[in-house]
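Please consult the sequence and the structure shown below while reading.

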Amino acid sequence: MRKIILKTAFITLGVVIVLAVAAFGVASLCVPAAMSDLAYSLGMEAISSDYAYQEYERSGDLAYLARSFELAATHGRDEQAEERFDILYASDGFADLCAQRDAQIPPVVVEGEQITYSYRDYVCGLEACVMYRLAEDAQSRTAALDFALSETDASFPSGNPVYVLATEAAGNADRAFCIEILQALEEGNFAQDGCYQTLVNILEVFVDEQNR
């Protein structure tokens with residue numbers, strides 16, 4: 001009798017597991033937006049990125065495409081990030097999405113100064129880093145820098161793409177590329193105060209230390 005009860009219990013458990021997996025699969029197909037939110041809340045950002053992309057393909061909502069790119073770019077999935085950014089960047093709604101996000105980002109006060117950040121700067125900075133990490137030669141790395149430069153306003157605002165890319169290069173101890181960034185900054189027409197001077201000073205110190 002006991003064996004029958006145990007056998008029945010195992011069969012029931014097996015059926016429950018199968019149904020749960022099936023339900024998860026159906027939810028993945030039917031409500032990728034909800035699955036993306038759930039995966040993100042559980043700390044599974046890479047999986048959340050894929051569900052967000054599925055939701056974009058289903059609904060055409062650029063907010064989910066942007067999320068899928070951001071998560072892929074920040075979790076080592078550079079190939080997917082590159083493909084998704086290309087779609088986002090070429091989209092007619094990209095400028096509107098950036099404007100909407102800018103309106104949602106509160107300014108940050110640092111030492112009494114109010115600093116505002118641009119969403120376009122943020123995603124283009126991420127893309128520049130993705131291009132840099134995927135680069136297989138000096139020419140490809142230069143292309144990443146050219147992109148960052150093209151997307152950086154002359155006022156050289158905080159969190160701009162060049163600043164983000166330089167941080168990535170310094171973090172990789174890439175002295176040669178940091179020198180290239182320094183040269184590009186000196187040849188550019190950027191406002192040479194605040195964020196600009198901070199970055200130049202950081203790069204000069206880094207290059208000097210790496211030369212010892």
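## Overall surface and composition

The protein chain exposes about 12200 Å², of which carbon and sulfur atoms supply 56%; accessible areas come from the Shrake-Rupley method with a 1.4 Å probe, and for residues only the protein chains shown count as cover. The model is predicted: local features need pLDDT of at least 70, side-chain atom pairs count only at pLDDT 80 or more, and totals for chains, interfaces and linings use all residues. Residues are numbered from 1 along each chain as its sequence is written, and side-chain values use heavy atoms, with hydrogens and water left out.

Eleven helices and two strands are present in the protein chain. Helices (H or I, at least four residues) and strands (E, at least two) are DSSP runs, numbered from the N terminus. Read from the N terminus on, the order of elements is α-α-α-α-α-α-β-β-α-α-α-α-α. Of the 212 residues in the protein chain, 35% are buried; buried means under 20% relative accessible area, exposed over 50%, and partly exposed in between (1.4 Å probe, protein chains only). Among contacts (heavy atoms within 4.5 Å) with a separation of 6 or more, 56% join residues 24 or more positions apart.

## Helix 4

Helix 4 covers residues 62-74 and has 13 residues. Its span from first C-alpha to last is 18 Å, close to the 18 Å expected at 1.5 Å a residue; the expected span is 1.5 Å times one less than the number of residues. Because ten of its 13 residues are buried, helix 4 is largely enclosed by the rest of the structure. The buried residues are L62, Y64, L65, A66, S68, F69, E70, L71, A72 and A73.

At the start of helix 4, a side-chain oxygen of D61 comes to within 2.9 Å of the backbone nitrogen of A63. Just after the helix, G76 adopts a positive phi of about 70 degrees.

Helix 7 (residues 119-134) has 16 residues and reaches 23 Å from its first C-alpha to its last, close to the 22 Å expected. Its buried residues include Y119, D121, C124 and C129. The buried residues of helix 7 pack against helix 4, helix 5 (78-90), helix 6 (94-104), helix 8 (138-150), helix 9 (161-171) and helix 10. At the start of helix 7, a side-chain oxygen of S118 lies within 3.3 Å of the backbone nitrogen of R120.

E151 is located in the loop between helix 8 and helix 9. With a relative accessible area of 12%, E151 is buried. The side chain of E151 makes a polar contact with that of Y89 at 2.5 Å; a polar contact is a pair of N or O atoms within 3.5 Å, where, within protein, one must be able to donate a hydrogen and the other to accept it, and residues adjacent in sequence count only if both atoms are side-chain atoms. Leaving aside neighbours within four places in sequence, E151 is in contact with Y89, R120, D121, C124 and P161.

## Nonpolar core and cysteines

The largest nonpolar core has 46 residues, and F156, I181, L185 and L203 have the most contacts inside it. Such a core is a set of buried Ala, Val, Leu, Ile, Met, Phe, Trp, Tyr and Cys residues joined through side-chain atoms within 4.5 Å. Beyond its neighbours within four places in sequence, L203 is in contact with A166, C178, I181, L182 and L185.

The whole structure contains zero disulfides, a disulfide being a pair of cysteine sulfur atoms within 2.5 Å. C129 is buried at 4% relative accessibility, and C195 is buried at 15%.
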